[in-house]
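Dear colleague,

Here is the structure we spoke about, with its sequence. My notes follow below it.

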Amino acid sequence: MRLTKYAHSCLRVEHDGGVLVIDPGMFSEPALALDGADAVLVTHEHPDHLDVAAVNRQLARRPFVIHGPASLAGTLGDAADVLHPVAPGESFTAAGVPVRAHGGRHAVIHPDIPVIDNLGYLLNDVVYHPGDALFVPDDVQVDTLFAPIHAPWSKFSEVVDFIRAVAPRRVFALHDALLNDNGYAVLDRQYTALSGSEYRRLEPGSRIDG
């Protein structure tokens, strides 16, 4: 697999001629990430993970399937008819990539804010994108983890413990669009020191092999 990291939580996966996009949200470059997409995975309905207008514009150019929680149907609007609902624990293939869904619920932001559905996606049993939750898959050794390093719902120590529990060979920063250069400097230094894995933050547009 060839992975391209776009801003915030968006990944583009190219494999055997297929293109899979995860979380094309409003803080990423959704039009660029979605170009040529054969399938899209959405972890949950928040706009920083799903830019509905961008998805609908791309669907008008080229049809593709959207996989995600059933609750997305109310958010997708006209695109709801291409939604294939996914449940936690389900395995399926998207754009030729084997996928397993994990978790089920978004992390708690505040007790007064309802908790919504969230799925983490394990790609080909090696690459894990958890969305907005710190759910640890307990049945596989993850090689490459994309870890949400900063969010209104997150706490630094909990993210460090999540990375240590997953224990990947390497971890890349995810969910970081609300940070400035000062925040990047502090968190990159701390995650490098404490995560227990090879840690890197990729600039948007960077490509790696998965």
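This is a predicted model: local features need pLDDT of at least 70, side-chain atom pairs count only at pLDDT 80 or more; totals for chains, interfaces and linings use all residues.

Helices are DSSP runs of H or I with at least four residues, numbered from the N terminus.

Just after helix 5, Gly196 has a positive phi of about 80°. At the start of the helix, a side-chain oxygen of Asn180 comes to within 3.1 Å of the backbone nitrogen of Asn182.

Helix 5 covers residues 181-194, and at 1.5 Å a residue its 14 residues should span 20 Å; the end C-alpha atoms are 20 Å apart, so the two agree. Its buried residues are Gly183, Tyr184, Leu187, Asp188 and Tyr191. Because these cover an arc of only 120° around the axis, they lie on the same side of helix 5. They pack against helix 4 (156-166) and strand 13 (198-200). On the face turned away from this buried side, helix 5 carries the exposed residues Asn182, Arg189 and Ala193.

As for the whole protein, there are 5 helices and 14 strands. The radius of gyration is 16 Å, close to the 17 Å that the globule rule gives for 210 residues, so the protein is as compact as a globular protein of that length. Its C-alpha trace spans about 45 × 45 × 35 Å along the principal axes. Of the 210 residues, 52% are buried. Among contacts between residues at least 6 apart in sequence, 55% join residues at least 24 apart. The protein exposes about 9000 Å², and carbon and sulfur atoms supply 51% of that area.

Regards

Notes. Residues are numbered from 1 along each chain as its sequence is written. Side-chain values use heavy atoms; hydrogens and water are left out. Helices (H or I, at least four residues) and strands (E, at least two) are DSSP runs, numbered from the N terminus. The expected span of a helix is 1.5 Å times one less than its number of residues. Buried means under 20% relative accessible area, exposed over 50%, partly exposed in between (1.4 Å probe, protein chains only). The arc is that of the directions from the helix axis to the C-beta atoms. Contact means heavy atoms within 4.5 Å. A polar contact is a pair of N or O atoms within 3.5 Å; within protein, one must be able to donate a hydrogen and the other to accept it, and residues adjacent in sequence count only if both atoms are side-chain atoms. The radius of gyration is taken over C-alpha atoms; the globule rule is 2.2 Å times the number of residues to the power 0.38. Accessible areas come from the Shrake-Rupley method with a 1.4 Å probe; for residues, only the protein chains shown count as cover.
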